[in-house]
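Subject: Structure for you to look at

Hello,

Here is the structure I promised. Please open it next to this email, and then read on for what turned up.

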Amino acid sequence: MIQPKILILIKSLGLGGAERLLVDSLPYLDQTRFAYHFAYIVPWKDTLVAPLRAAGFPVTCLGGHATHQQPAATSQPPPANSHQPAATITAPRSIHAALTMPLAYRRLVQLQRQEHFALIHADLPTAGILARLVGRRLGVPVVYTEHNLLERYHPLTRWAHQATFGWQQCVLTVSEEVQASIRRAGGDRRTMVRTLLNGVPVDQVRAEATELDALRQELAIPANHKVVGSVAVFRTQKRLADWLAVAAQVAQQRADVTFLLVGDGPEMPLVRAKVAELGLTARVRLTGFRPDGRRCLGLMDLYLMTSAFEGLPIALLEAMTLGKPVVATAVGGIPEAVTDGQEGLLAPVGQVQQLAQQVLTLLADPQRAQRLGQAGVARVDAHFHSKYRVRAIEDLYCEILRS
């Protein structure tokens, strides 16, 4: 029996949460049911192409020639201990992205006519719009995963997103709050909408969080220090100035805490400046991009998030998988994974003093912190394992193809 071909389409294959979900799902894909092909649009964000191809899956770049470089950086050179090379693209990337869309459309039409995919599954709005245009033209069913609130998108993106929203068979949302956003826009009257929470490859996450003593030495973190940390793409939505303000308040009360920020992105120059302004240079470790992000999570005693908005953050679920208590803002899907007082402590956006007090409370009460962390482990094991999510998606494919 020939398996139906499924195209997984995403804007980029950099190291964002949605992109990581694709790679993390690979061990659980049922290749006796479906033949998978991956495609992406933005050629300069292709870090995850290699693991996809190493796993035996075909990957197509629709927007140009792949560059095979790490996710790009900031206007500053990367720190010495970063594994991330500097960016090589000189023109504004928003212009590059816009110019790739007509080419991506033509190439996706060509790819569909060549491969005859039974279904296209798109992630994030740019890929979703492209999939719907081609699906409508060529009669291909489309499934779309929404990771964010519609109100957060640029007005032009939101307009194109909503204009084509009815041209798909189903929308999966990563949290109930994201589904509520679609309902507010009337999207649920135009297509089927279901919530399917994000998941993480539990066993793999735990297997990667090893050799922590060597990592502590590498990062020059004193042996007696607690580590408060986060793994993120440095964007404005993360409110990293708030994160560092929390760190500053905690540092005033505790001399035995080191703060670990793992990642890179457009906010890195501002983050470096804020660290210096707050006098935290000796207390904060900015690692830049690291491929061993899960190992860095393993080193943390507490996971801190100060985001203005989220879908359901993968790094948060990975931290919970490793038994880390969480202090976070109650935004997006975070309260669907972390119940305040059970797996962690939550606060409103911008409440720096409350967040700092919550961090100090858990640092002062290791037994409570451990109870919250173990509750997080149990919750991830029961509800957020990648295998459950993949199984539900493949059952949806079967449902749509039968209909």
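Predicted model: local features only at pLDDT ≥ 70, side-chain atom pairs only at ≥ 80, totals over all residues.

Start with helix α4 (residues 125–138) and helix α5 (residues 155–163): their axes come within 9 Å and cross at roughly 35°. The crossing of α4 and α5 is left-handed. On the α4 side, the residues in contact are P125, I129 and R132. They meet T157, A160 and H161 of α5. Sorted by class, the contact of α4 with α5 has three nonpolar residues, two polar and one charged. Note the spacing along each helix. Residues three or four places apart point the same way, because an α-helix has 3.6 residues a turn.

**Two histidines in one loop**

H147 sits in the loop between β5 (142–146) and α5. H154 is in the loop between β5 and α5 as well. Which of them is buried, and which is exposed? H147 is buried, because its relative accessibility is 11% and the cut-off is under 20%. H154 is exposed, because its value is 53% and the cut-off there is over 50%.

What does the side chain of H147 make a polar contact with? The partner is the side chain of D123, at 2.7 Å. Leaving aside neighbours within four places in sequence, H147 is in contact with A18, L21, D123, L124, V174, V178 and G311.

For H154, a polar atom of the side chain lies 3.0 Å from the backbone nitrogen of L156. H154 and V231 are 77 residues apart in sequence. In space, their C-alpha atoms are 25 Å apart.

**Q237**

Q237 is in the loop between β8 and α9 (240–253). With 12% relative accessibility, Q237 counts as buried. Beyond its neighbours within four places in sequence, Q237 is in contact with S307, A308, F309 and E310. Q237 and V352 are 115 residues apart along the chain, and 15 Å separates their C-alpha atoms.

**A covered helix**

How many residues of helix α12 (residues 314–321) are buried? Eight of its eight are, and the helix is mostly covered. The buried residues of α12 include the charged-class E318. Also buried in α12 are I314, A315, L316, L317, A319, M320 and T321. G323 follows α12, and its phi is positive, near 80°.

Most residues other than glycine have a negative phi. Two residues are worth a look here. E211 has a positive phi, near 55°, and is not a glycine. E211 is in the loop between α7 (202–208) and α8 (212–218). At 58% relative accessibility, E211 counts as exposed. A220 is not a glycine either, and its phi is positive, near 55°. A220 is found in the loop between α8 and β8 (226–231).

**Cysteines**

How many disulfides does the structure hold? It holds zero. C61 counts as buried, because its relative accessibility is 12%. C296 counts as buried too, at 0% relative accessibility.

**Where to look first**

Then turn to the crossing of α4 and α5.

Best wishes

Key. Residues numbered from 1 in each chain as written. Heavy atoms only, no water. Axes fitted to C-alpha atoms, helices over the stretch in contact; angles between N-to-C directions. Helix = DSSP H or I, 4+ residues; strand = E, 2+ residues; numbered from the N terminus. Left-handed = near helix turned anticlockwise from the far one by under 90°. Contact = heavy atoms within 4.5 Å. Disulfide = S-S within 2.5 Å. Buried < 20%, exposed > 50% of the residue type's maximum accessible area, 1.4 Å probe, protein only. Polar contact = N/O pair within 3.5 Å; in protein donor to acceptor, adjacent residues only side chain to side chain.
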